[in-house]
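Try each task before you read its solution.

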Amino acid sequence: MRIIFAVQDPHVPYLFAGGPLDIHHLALTLGSQGHDVAVAAALPGLPESVRFRQLPYRFLQAISRKELLIYRDTCNGYETFRVGNWLVPRLLEERIAAWRPDIVVTQGQDSWTFALAAVSQGVPVVLRQIDLWGVEVLAEAAAKDTAVAALLRSPLFSIVSNSAFIAAKTEELLQVSSPVVHPLIRPEDSVCDHIDPRYITF
């Protein structure tokens, strides 16, 4: 199966946080099981600093006109495609057209934008709800945008939640049932060579 993960934020190794690590572990595990996996993400740089830290990239993208300037790497053990954060939806459209995945998985900021792009091209999409904020902003978007409201009822669209609490809130705010799929934890990634009393792992 061909699977694309699409996110608005930077990805591992430039951003180590719960969301990116969830995707990273899923991508590695699915790849080890024989699936073809890729990630579409933003170039490094927090959104508020992108304008300054990515000036060279913005310049090159501007002079390249219609061609999308994509940075591709395999440093994570799978293909990762990176562009400016304002171009990730366009990157996903390009990847769908070029690679034709069997499914798109998205989460986080503006995830419904990626879901709409996938569904419009006939590709099934799974939206991972990983926190209450994501449920609330999706509910607000559905209330304001008829296209987002229609997306929630599309047969190509589904939601999974990372806990029973998030699943309950998804049902309450969106009137959509979502199976609970807990985050995949790879113990080997959390083992260190020595114990340092300055750090605590929960």
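**Exercise 1. Find what helix H1 packs against.**

Task: Which strands do the buried residues of H1 pack against?

Solution: This is a predicted model, and the buried residues of H1 pack in it against E1, E2, E5 and strand E6 (125-129).
- Step one: locate H1 at residues 18-32.
- Step two: pick out its buried residues, which are Gly19, Pro20, Asp22, Ile23, His24, His25, Ala27, Thr29 and Leu30.
- Step three: look at the length. H1 has 15 residues and reaches 21 Å from its first C-alpha to its last, close to the 21 Å expected at 1.5 Å a residue.
- Step four: look just past the end of H1, where glycine 34 takes a positive phi of about 100°.

**Exercise 2. Trace the strands around E2.**

Task: Which strands are joined to E2 by bridges, and in what sense do they run?

Solution: Take one neighbour at a time.
- Step one: strand E1 (residues 2-10) runs parallel to E2, and six bridges join them. To see this pairing, find isoleucine 3, whose bridge partner in E2 is valine 37. Arginine 2 stands opposite aspartate 36 in E2.
- Step two: strand E4 (residues 79-83) is also parallel to E2, through five bridges. Here alanine 38 has glutamate 79 in E4 as its bridge partner.
- Step three: bring the helix back in. E1, H1 and E2 make a β-α-β unit, and its hand is right-handed.

**Exercise 3. Decide where to read with care.**

Task: Where is confidence lowest, and where is it highest?

- Step one: the protein averages a pLDDT of 88, and 87% of the residues score at least 70.
- Step two: the lowest confidence is in helix H2 (residues 47-53), with a mean of 49, and the highest is in strand E7 (residues 157-161), at 98.
- Step three: over residues 46-52 pLDDT stays under 50, and the model has seven contacts beyond four places in sequence for them.
- Step four: where pLDDT is low, predicted coordinates should not be read in detail.

Technical notes:
Residues are numbered from 1 along each chain as its sequence is written. This is a predicted model: local features need pLDDT of at least 70, side-chain atom pairs count only at pLDDT 80 or more; totals for chains, interfaces and linings use all residues. Side-chain values use heavy atoms; hydrogens and water are left out. pLDDT is the predictor's confidence in each residue, from 0 to 100. Helices (H or I, at least four residues) and strands (E, at least two) are DSSP runs, numbered from the N terminus. Contact means heavy atoms within 4.5 Å. Two strands pair if DSSP finds at least two bridges between them. A crossover is right-handed if, with the strands pointing away from the viewer, the path from the first strand over the helix to the second runs clockwise. The expected span of a helix is 1.5 Å times one less than its number of residues. Buried means under 20% relative accessible area, exposed over 50%, partly exposed in between (1.4 Å probe, protein chains only).
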